[in-house]
Amino acid sequence: MASSRPKSGIWKALGLRLFYGVISLFFLALVTFLIDEIAPGDAALVKMGEKNFTQERYEQVKHQMGLDRPMPVRFAEYVGNALQGDFGESYYGTREPVSEIIGSALPMTLMLAVPAILLAAVTGLVFGTIAAIRENRMADSSILAASTLGVTVPNFVMAPILVLIFVHWLDVLPSSWEVNLRAPLPFYLVMPVLIMAARPAATLTRLTRASMIDTLKMEFIKLAKAKGVPPWRLYMVHGLRNAILPVITAIGTSFGFLLTGSFIVESYFIMPGMGFEAIEAIKKGDAPVIMACVVLIGAMFILVNTIVDLIQPFIDPRIREVQV
Amino acid sequence: MKKKKLGFFFWASTVFLVILAGFAFLGPYFLPEYTEIVGPKFSSPGPEYPLGTDEQGRSLLARLAYGARISLTIGLAVQGLALLGGILMGVLGSLGPKWIATPVLRFTDAMFAFPDILLAILIIGLIGFDPKAIVYALAITAWPAVARLVRTQVATLKDREFVVASQALGASTFYLVIKHILPHLWGVLLAVSMVDLAAVILAESSLSFLGIGVQAPMPSWGSMINSGRNQMVSHPEQLFWPCLVLSLTIFGLNFVGDGLRAIVDPKSDVR
């Protein structure tokens with residue numbers, strides 16, 4: 001049957017993309033594990049404490065922890081445990097399981113990252129479209145100028161500027177996270193989300209604008225105009241529907257920048273998310289926590305990119321045909 | 001064909017970057033040492049310290065200039081290494097024999113599993129943060145983007161007449177790369193390197209801001225911003241200057257890069 005062929009083609013392509021996502025996750029875990037292998041830190045030494053060091057006891061501890069087994073075995077174990085949510089225990093303090101640290105840090109990061117990427121996507125699409133429609137006019141050049149600022153002003157420069165405005169001048173927002181919130185939760189999220197969204201929003205604006213300008217030059221737009229399609233329908237349905245594809249791909253990439261931005265933003269506002277915990281762990285040399293944070297942040301990035309690629313053929317029928 | 005003009009921002013950026021490089025590399029000859037205490041704490045600008053002093057009485061201008069020196073040195077070293085690795089892997093991946101090219105391609109693509117500077121943070125986090133580690137960590141993070149660019153450029157060059165002609169005359173792949181491919185890449189690579197250099201400098205400042213980059217007493221714009229925010233209200237100039245210089249540097253490098261790109265690549269639009 002001729003009609004069933006494209007359908008099987010699309011499922012094959014989707015399956016391949018999913019497989020590629022899994023491979024990426026594996027690569028992420030492998031590199032993280034290998035870097036830990038060549039790093040100078042020694043888990044057995046940390047566990048027994050350097051004071052009561054004897055070669056004999058050291059070998060014993062190493063054996064107990066399974067560190068004397070070959071590397072591939074330990075990697076398989078690391079991946080197996082990680083899949084069950086076990087990332088080992090912290091080197092310091094009460095030797096807290098890493099999963100508990102992650103358990104409280106992950107929601108915090110998601111609470112910042114999800115609104116931020118949504119905000120960036122909406123801002124990018126709206127302002128990019130406006131700029132494209134008003135190409136080379138006032139609105140276009142001001143949007144371009146603003147997006148240049150968004151790309152070039154680092155988020156740790158933007159943060160003190162916003163704090164100066166909203167905390168010291170207007171006095172409407174709290175200056176950093178507190179264990180016992182004294183204001184409604186959203187108040188604490190405004191500045192961090194704005195800062196994390198700034199750069200992705202700027203890149204997505206530029207991309208939407210460029211893509212939309214190209215689309216609006218196409219023949220079918222002229223035809224639609226000639227047929228008398230009302231402007232909003234012309235731009236939203238005929239234009240944006242076609243221009244949106246590269247933008248959706250870029251949302252995935254931007255999400256990566258947004259996630260690394262969480263290191264800065266969480267540290268600045270002292271919000272105990274994954275970025276904050278990772279930096280604290282790096283300063284202490286707490287390898288299991290560092291590894292878990294990096295693997296999970298990388299996994300979030302891969303997940304979002306895989307989802308973005310998976311939904312693409314459903315948005316754009318042209319891809320469905322290409323993949324047959 | 002419409003001829004593109006380099007705008008005001010391109011030239012302003014170039015002038016700024018030249019002045020910055022001048023301060024960075026000639027600064028030690030006419031500025032006090034960055035650890036030297038030249039006056040009272042937080043004093044306003046004077047003849048000996050044109051931008052005033054910091055919380056320890058050290059010259060703010062001297063620290064900015066040394067910060068520029070460190071940022072530019074690290075940035076150039078990282079970009080140099082990234083170019084080296086990226087060109088090698090990019091050329092191998094697109095022109096090498098299949099048994100080399102395929103794994104190289106897969107490896108390059110797999111590196112994109114780490115977004116932005118996440119890999120650098122991991123390497124620095126586990127291995128330690130002296131300047132050398134920072135350079136290697138950032139270079140390892142930066143080369144895949146170069147390799148990918150080289151790959152797309154080589155893909156279009158490969159089918160051009162002069163390459164095909166040379167091939168038909170019996171030129172080896174190595175000869176082709178040296179004689180015909182690389183000379184065509186320099187322009188684009190130079191333009192993109194400007195934008196990449198901005199990204200590297202931003203990455204180094206981010207790490208220093210987080211306290212896992214350049215360590216005190218060595219000044220870095222990132223760490224100056226971090227310590228400056230403690231006196232944000234009482235002494236805003238401590239925060240203002242490093243923020244301004246860093247932002248202008250990144251802004252400038254992006255503009256110069258885009259301008260150069262417009263010259264070397266007639267198809268691309270100045271964004």
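1. The expected span of a helix is 1.5 Å times one less than its number of residues. Helices here are DSSP runs of H or I, at least four residues long, numbered from the N terminus. In this predicted model, local features need pLDDT of at least 70 and side-chain atom pairs count only at pLDDT 80 or more, while totals for chains, interfaces and linings use all residues. Residues are numbered from 1 along each chain as its sequence is written, chains are lettered from A and ligands numbered from 1 in the order in which they are written, and side-chain values use heavy atoms, with hydrogens and water left out.

2. Helix H5 of chain A covers residues 98-133. Its 36 residues should span 52 Å at 1.5 Å a residue, and the end C-alpha atoms, 50 Å apart, agree with that.

3. Over all chains, the structure holds seven salt bridges, each defined as a side-chain nitrogen of Lys or Arg within 4 Å of a carboxyl oxygen of Asp or Glu. One of them joins A:Asp309 to A:Arg17, at 2.6 Å from N to O. A:Asp309 sits in helix H12 (residues 287-315) of chain A and A:Arg17 in helix H1 (residues 4-38) of chain A, so the pair ties together parts 292 residues apart in sequence. A:Arg17 is buried at 17% relative accessibility, and A:Asp309 is partly exposed at 27%. Buried means under 20% relative accessible area, exposed over 50%, and partly exposed in between (1.4 Å probe, protein chains only).

4. A:Glu37 and A:Arg74 also meet in a salt bridge, 2.9 Å from N to O. This pair links helix H1 of chain A, which holds A:Glu37, with helix H4 (residues 71-83) of chain A, which holds A:Arg74; the two residues are 37 residues apart. A:Glu37 is partly exposed at 30%, whereas A:Arg74 is buried at 14%.

5. In the salt bridge between A:Glu77 and A:Arg69, the closest N and O atoms are 2.9 Å apart. A:Glu77 is partly exposed at 35%, and A:Arg69 is partly exposed at 29%.

6. In chain B, B:Asp109 lies in helix H3 (residues 98-110) and is buried, with 18% relative accessibility. A network of salt bridges links B:Asp109, B:Arg148 and B:Arg151. Leaving aside residues up to four places away in sequence, B:Asp109 touches A:Tyr20, B:Arg148 and B:Arg151, where contact means heavy atoms within 4.5 Å.
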